[in-house]
Amino acid sequence: MHKAGFVNIVGNPNVGKSTLMNQLVGEKISIATFKAQTTRHRIMGIVNTDDMQIVFSDTPGVLKPNYKMQEMMLAFSESALADADVLLYVTDVVENPEKNLDFLEKVKKMTIPVLLLINKIDETDQHKLGDTVERWHALLPNAEILPISAKNKFGIDMLMKRIKELLPESPAYFDKDQLTDKPAKFFVSEIIREKILRYYDKEIPYSVEVAVERFKEDEHHIHINAVIYVERDSQKGVIIGHQGMALKKVSSEARRSLESFFGKSIYLETFVKVDKDWRNSQRELENFGYSTD
Ligand SMILES: Nc1nc2c(ncn2[C@@H]2O[C@H](COP(=O)(O)OP(=O)(O)OP(=O)(O)O)[C@@H](O)[C@H]2O)c(=O)[nH]1
Ligand SMILES: [Mg+2]
């Protein structure tokens with residue numbers, strides 16, 4: 001008997017969905033930072049064994065869209081409700097369970113198994129956790145509730161065991177040697193964006209998109225040219241920084257992470273360009289890979 005299925009991870013921003021996905025897959029597939037709205041795409045991480053294939057999907061945190069890119073982000077999150085065999089609804093110990101009742105209503109109507117994961121239990125105590133579990137149980141009575149700490153890997157083995165039990169009988173959906181649905185270039189732009197999320201404040205990370213224009217690989221090296229797009233001239237100056245120091249720091253941090261991701265030495269050149277109001281341009285968003293089909 002062979003089991004296979006889609007296990008989709010959804011929830012509000014910043015609750016730890018990407019951290020969890022990386023723990024479940026055992027690889028750093030999805031970037032995770034302390035800032036909300038880190039994830040912008042639906043990203044698959046695939047776990048393969050001889051008799052099983054689990055296709056995890058990480059998704060953007062659910063939000064009310066203010067511009068076109070956020071509409072695409074929400075569409076990715078909602079697409080994960082449509083094709084899941086098992087849904088992992090992630091929350092954390094500080095989030096108000098009533099924060100997003102509209103989305104919760106959609107989750108409530110689902111007929112597939114829903115596991116409600118209360119993450120970050122390393123930041124609470126038994127007594128408070130008991131209250132949180134009760135409040136969630138009242139809201140989603142059909143969901144199985146599992147308290148976890150994705151960061152400390154607490155509860156992850158138990159969760160994995162439960163997922164395997166719930167996985168339907170099915171042939172594999174992807175090649176057994178495939179780890180993700182995204183190409184190498186995607187991970188390059190995500191790793192650069194991760195450094196930008198870490199090093200710049202305010203609206204800068206949300207105004208940035210990274211496009212990889214050259215990715216040339218040989219046995220031991222990869223040559224990469226990447227363009228960091230911003231929305232306005234003033235943002236270009238901030239990205240580059242005084243005497244180019246800010247961009248230099250981001251690029252060298254990115255290069256280090258890329259070397260460990262690809263296991264090869266990396267030559268990285270970064271350029272900064274202005275693409276006015278790209279976040280609201282359907283055409284630019286499609287160029288940058290925001291499309292749901
Ligand atoms: N204390 C604690 N922090 C955690 C845990 N899991 C994740 N975090 C932190 O929570 C923050 C957000 O983590 P992400 O994995 O990026 O969250 P996300 O839900 O993917 O966020 P978006 O992609 O923005 O929706 C990061 O600073 C993580 O280190 C946990 O178990 N305990
Ligand atoms: Mg994320």
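Select helix α1 (residues 17-25): seven of its nine residues are buried, so α1 is largely enclosed by the rest of the structure. Buried means under 20% relative accessible area, exposed over 50%, and partly exposed in between (1.4 Å probe, protein chains only). Helices (H or I, at least four residues) and strands (E, at least two) are DSSP runs, numbered from the N terminus. This is a predicted model, in which local features need pLDDT of at least 70 and side-chain atom pairs count only at pLDDT 80 or more, while totals for chains, interfaces and linings use all residues. Residues are numbered from 1 along each chain as its sequence is written, chains are lettered from A and ligands numbered from 1 in the order in which they are written, and side-chain values use heavy atoms, with hydrogens and water left out.

Colour the buried residues of α1: Lys17, Ser18, Leu20, Met21, Asn22, Leu24 and Val25. Their cover includes strands β1 (3-11), β2, β3 (52-58), β4 (86-92) and β5 (114-119), as well as helix α5 (156-166); contact here means heavy atoms within 4.5 Å.

Next, select the magnesium ion (ligand 2). Its protein donors are Ser18 (OG) and Thr39 (OG1), 2.0 to 2.1 Å away. Ser18 belongs to α1 and Thr39 to the loop between α1 and β2 (43-49), so the pair ties together parts 21 residues apart in sequence. Ser18 is buried, with a relative accessible area of 7%, and Thr39 is buried with a value of 7%. Donors are N, O and S atoms within 2.8 Å of the metal (3.2 Å for Na, K and Ca); water is not among the atoms, so sites may look incomplete.

Move to ligand 1 and show the 23 residues around it, of which Lys17, Thr19, Gln37, Thr39 and Asp122 come nearest; a residue is included if one of its heavy atoms lies within 4 Å. The most residues in this shell, three, come from α1. For polar contacts (pairs of N or O atoms within 3.5 Å), pick the side chain of Lys17, where an N or O atom is 2.7 Å from a ligand 1 oxygen. A polar backbone atom of Thr38 lies 2.8 Å from an oxygen of ligand 1. The protein buries 91% of the 660 Å² that ligand 1 exposes when taken alone (Shrake-Rupley method, 1.4 Å probe).

Finish at Gln37, in the loop between α1 and β2. Gln37 is not a glycine, yet its phi is positive, about 65°.

Notes
Polar contact = N/O pair within 3.5 Å; in protein donor to acceptor, adjacent residues only side chain to side chain.
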